[in-house]
Amino acid sequence: MQQARMRAAQPDAGPGSPFAPMRDSDLDEVESIERTLYDFPWSRLNFADSMAAGYCCRVLRQNDELVSYAVMMCVLDEAHLLNISVARNVQRCGVGWRMLRHLAREAMGYGALRMFLEVRPSNAAARAMYDTAGFQAIGRRPRYYPALDGREDAIVMSVELDERWSA
Ligand SMILES: CC(C)(COP(=O)(O)OP(=O)(O)OC[C@H]1O[C@@H](n2cnc3c(N)ncnc32)[C@H](O)[C@@H]1OP(=O)(O)O)[C@@H](O)C(=O)NCCC(=O)NCCS
């Protein structure tokens, strides 16, 4: 399944790519989507700081509408996925998968060998996407996230960035 999906991948980098660097002018839309998706959303400043720090901040537009964005930090041979989000009205249409695959390819271009991320145990959609993509749980950070009823652990996950992502 995973191999089949990766083989079916359409190239989506380079000229004409719908993926673009996040800019200040995107932040109204990013902030608005972020607030609809999370109980504890990133602030506008979090995104601005990420861009200023030189993190890989990307947006995906469909028909001029911003439908997905992501923030990834690449350090040496590691890529850390800090945020990946899809507007609620286009979820379950393959957009998250396209963004994740695009980021993996970019990270490989920077020399990353593995991608790491943290996810809430309660986030079934994200966990399903990461499982499908071959991520493995490698650890747990107790009480890492704020939650409406206290704190929630983070599951730390990792995947190898190998030829499957560029196929
Ligand atoms: C997680 C998220 C990015 C997935 O984006 P998406 O565009 O809906 O995902 P896709 O349509 O590309 O789905 C890819 C795969 O993920 C899994 N998946 C995605 N959403 C799912 C859901 N609600 N329930 C079960 N599996 C789901 C499926 O395996 C799916 O493949 P399939 O459709 O062939 O079954 C999106 O739900 C989102 O933005 N959630 C809120 C923000 C968030 O939680 N981000 C991650 C923080 S760690």
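**A hairpin, a loop and a ligand**

Begin with strands 6 and 7, which a hairpin of two residues connects. Helices (H or I, at least four residues) and strands (E, at least two) are DSSP runs, numbered from the N terminus. This is a predicted model, in which local features need pLDDT of at least 70, side-chain atom pairs count only at pLDDT 80 or more, and totals for chains, interfaces and linings use all residues. Residues are numbered from 1 along each chain as its sequence is written.

Select residues 136-147, strand 6; strand 6 pairs with strand 7 in the antiparallel sense over eight bridges (strands pair if DSSP finds at least two bridges between them). At A147, look across to G150 in strand 7.

Next, select strand 7, residues 150-160, with strand 5: the two run antiparallel and share six bridges. R114 has E160 of strand 7 as its bridge partner.

Now go to A112, in the loop between helix 4 (95-109) and strand 5 (114-119). Why is A112 counted as buried? Because A112 has 21 C-beta neighbours inside 10 Å, and the cut-off for buried is 20 or more other C-beta atoms within 10 Å, with C-beta atoms placed from the backbone (12 or fewer is exposed, in between partly exposed). Select V75 too: its C-alpha atom is 7.7 Å from that of A112, though the two are 37 residues apart along the chain.

Of the 19 residues around the ligand (C-beta atom, placed from the backbone, within 6 Å), Q91, G96, W97, A128 and M129 come nearest. Strand 4 (78-86), helix 4 and helix 5 (124-132) each give two or more residues to this shell. Helix 5 supplies the largest share, six residues.
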